[in-house]
Each structure stands twice: as structure tokens, then as C-alpha cells.
Amino acid sequence: MIIRQVVNSIFRSCSYIVSRDQQSWLIDCGDVDQILPLIDGTLCGVMLTHAHFDHIYGLNTLLSLFPSMPVYTSKAGLDGLLDDKMNFSRYYGDPLVLEKPGNVRTVNDGTTIDLMNGIQAKAVFTPGHSPCCVTWIIGDAVFTGDSYIPGVKTVANIPHSDKHMAAQSESAIRQLAEHRAIYPGHAPAL
Ligand SMILES: [Zn+2]
């Protein structure tokens with residue numbers, strides 16, 4: 001399994017491409033023009049860590065290129081994809097509402113998805129930064145989105161966030177990540 005990172009132009013959010021045997025999956029969708037060249041073989045689907053603007057802004061473009069591609073998120077994530085106020089895009093002058101909600105597959109806490117030969121992704125709900133946050137475990141890799149960024153205080157003072165839940169989620173992720181590598185939702189500022 002190969003993991004490639006894209007540092008997106010908006011807020012240095014990170015997208016990740018997980019590939020094996022000419023099949024790829026995307027985690028969060030920012031700059032499509034940066035993501036496309038890094039896809040090995042077929043792009044099978046997208047998993048979202050959460051539905052904040054900086055992690056989803058490339059989705060409509062991506063779905064216009066791959067019209068049948070599934071997008072995995074929590075039920076609260078779907079709500080965010082359909083509401084430019086909830087996903088904050090309205091406040092950045094680029095209101096975004098998902099144009100193809102039929103592509104969304106909602107997951108529950110603990111849901112597993114078969115990605116490719118022998119590799120599964122497990123959804124672990126880690127609310128706090130946002131109610132919709134999902135941490136994805138794929139093999140020895142943990143994709144935390146904004147629920148846990150090592151060395152950075154988890155943002156939990158924005159609309160719909162919850163400080164107490166964020167702290168609980170953070171300690172759950174630390175445990176999960178004890179013998180795994182963390183792939184966070186933002187790259188350090190230069
Ligand atoms: Zn966020």
C-alpha cells in the first residue's frame with residue numbers, strides 16, 4: 001500500500017491518495033489538479049474526515065470527472081455537504097453544496113469498507129472539532145483529519161464544535177495511533 005500526500009492550496013489542508021494494485025482511494029478532496037496525477041490506476045472512491053470547506057472543496061469537480069464514484073462520510077457529514085453555512089464555504093466567498101448527494105454513502109461508527117485486495121478502511125467517529133468527524137484506519141495508517149494534528153491544539157471553538165468531545169476524541173486517537181502512523185488533516189505552515 002502506497003500513501004501519497006497532497007498539500008492543498010486552501011489552508012494547507014491535506015488530501016491523501018492510498019493506492020495498491022492499480023486501485024486508489026482518496027481521503028479528503030482539495031486541489032483536484034494536484035490529486036489527479038497521483039492516482040494509480042482506478043480511483044475507486046473518496047472518504048471524508050469531515051465536511052469542512054477546506055477538506056471538500058474539490059468534490060464537485062472530482063465527481064464531474066468520476067460521476068459514479070462513491071463518497072463516504074457520516075450522516076452529519078452529509079448534512080455538512082448539503083449546507084454551505086455548516087461547511088463554512090459561505091464565509092470564504094465560494095459557497096459549496098454537493099451537487100451529487102446520491103453518490104454519498106453514510107457510514108456508522110465502526111463501519112468497515114473493503115478498499116482493495118485485503119485492505120479495509122474502518123470508520124471511527126471522532127466528533128468534537130465538528131460533529132461529523134471520522135478518523136479512518138487503513139492498515140497501519142490513521143487518517144485523523146482535524147480531530148488530531150500532532151503538535152497542534154485541536155480547534156474546538158468554532159460553530160458546531162465541542163471542546164469536551166474533542167478532548168475525548170483526541171485521547172481515543174492517541175490510543176489508536178500507538179502502533180500506527182498518523183496522517184493529519186493539515187500540513188505544518190511553512
Ligand atoms: Zn476542519
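Are H50 and D146 buried or exposed? H50 is buried, as is D146, where buried stands for under 20% relative accessible area and exposed for over 50%, with partly exposed in between (1.4 Å probe, protein chains only).

## Basis of the model

The model is predicted, so that local features need pLDDT of at least 70 and side-chain atom pairs count only at pLDDT 80 or more, while totals for chains, interfaces and linings use all residues. Residues are numbered from 1 along each chain as its sequence is written, and side-chain values use heavy atoms, with hydrogens and water left out.

## The zinc site

The zinc ion is coordinated at 2.2 to 2.4 Å by H50 (NE2), H52 (ND1), H129 (NE2) and D146 (OD), donors being N, O and S atoms within 2.8 Å of the metal (3.2 Å for Na, K and Ca); water is not among the atoms, so sites may look incomplete. Along the chain, these donors follow the spacing H-x1-H-x76-H-x16-D. H50 lies in the loop between strand 4 (42-47) and helix 2 (53-56), and D146 in the loop between strand 10 (141-145) and helix 5 (163-176), so the pair, 96 residues apart, links distant parts of the chain.

## The overall fold

The protein has five helices and eleven strands, taken as DSSP runs (helices H or I, at least four residues; strands E, at least two) and numbered from the N terminus. Buried residues make up 52% of the 190 residues. Of the contacts (heavy atoms within 4.5 Å) with a separation of 6 or more, 56% are between residues 24 or more positions apart. The C-alpha atoms fill a box of roughly 40 × 40 × 35 Å, taken along the principal axes.
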